[in-house]
Amino acid sequence: AGKVQQSHLEKNAYFRCRKCAAVELTLYDVRGRRVRGIHRGVLGPGRHDWLWDGRDADGEPAAPGVYFL
């Protein structure tokens with residue numbers, strides 16, 4: 001799992017896939033609550049970058065803190 005720190009600014013994160021695979025990426029808060037779905041589908045091998053706008057699944061600003069991808 002990756003870690004993303006949120007301070008009401010856009011945040012970059014990246015992850016790598018070893019091979020082409022179906023994946024589901026979800027952002028969680030430190031209590032394990034789902035904050036936002038990121039991607040659901042097939043990704044190819046290599047690095048994948050993601051820019052988080054600091055918003056939850058409803059489009060509301062997420063509270064400052066640490067989040068897990």
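**Fold, core and rings**

Of the 69 residues in the protein chain, 26% count as buried, where buried means under 20% relative accessible area, exposed over 50%, and partly exposed in between (1.4 Å probe, protein chains only). This is a predicted model: local features need pLDDT of at least 70, side-chain atom pairs count only at pLDDT 80 or more, and totals for chains, interfaces and linings use all residues. Residues are numbered from 1 along each chain as its sequence is written, and side-chain values use heavy atoms, with hydrogens and water left out.

The protein chain has six strands and zero helices, so the pattern along the sequence reads β-β-β-β-β-β, with elements taken as DSSP runs numbered from the N terminus (helices H or I, at least four residues; strands E, at least two).

The largest nonpolar core has twelve residues: A13, F15, C17, L25, L27, V35, L43, W50, W52, A62, Y67 and L69. A nonpolar core here is a set of buried Ala, Val, Leu, Ile, Met, Phe, Trp, Tyr and Cys residues joined through side-chain atoms within 4.5 Å. At least two residues of this core come from each of β2 (11-17), β3, β4 and β5. The most come from β2, which gives three.

How many aromatic pairs does the structure hold? There are two, counting rings of Phe, Tyr and Trp (its six-membered ring) with centres within 6.5 Å; planes under 30 degrees apart are stacked, over 60 edge-to-face, and the rest tilted. W50 and W52 are stacked, at 6.2 Å centre to centre and 15° between the planes. W52 and Y67 are edge-to-face, with 5.1 Å between centres and 70° between planes. This second pair links distant parts of the chain, since W52 is in strand β5 (residues 46-52) and Y67 in strand β6 (residues 65-68), 15 residues apart. W50 and W52 are buried, as is Y67. Ring pairs link W50, W52 and Y67 into a cluster.

One charge also sits over a ring. R47 lies over the face of Y14, at 3.7 Å from the ring centre; the criterion is NZ of Lys or CZ of Arg within 6 Å of the centre and within 35 degrees of the ring normal.

Last, the outside. V30 is in the loop between β3 (21-29) and β4 (34-43). Is V30 buried or exposed? V30 counts as exposed because its relative accessible area is 59%.
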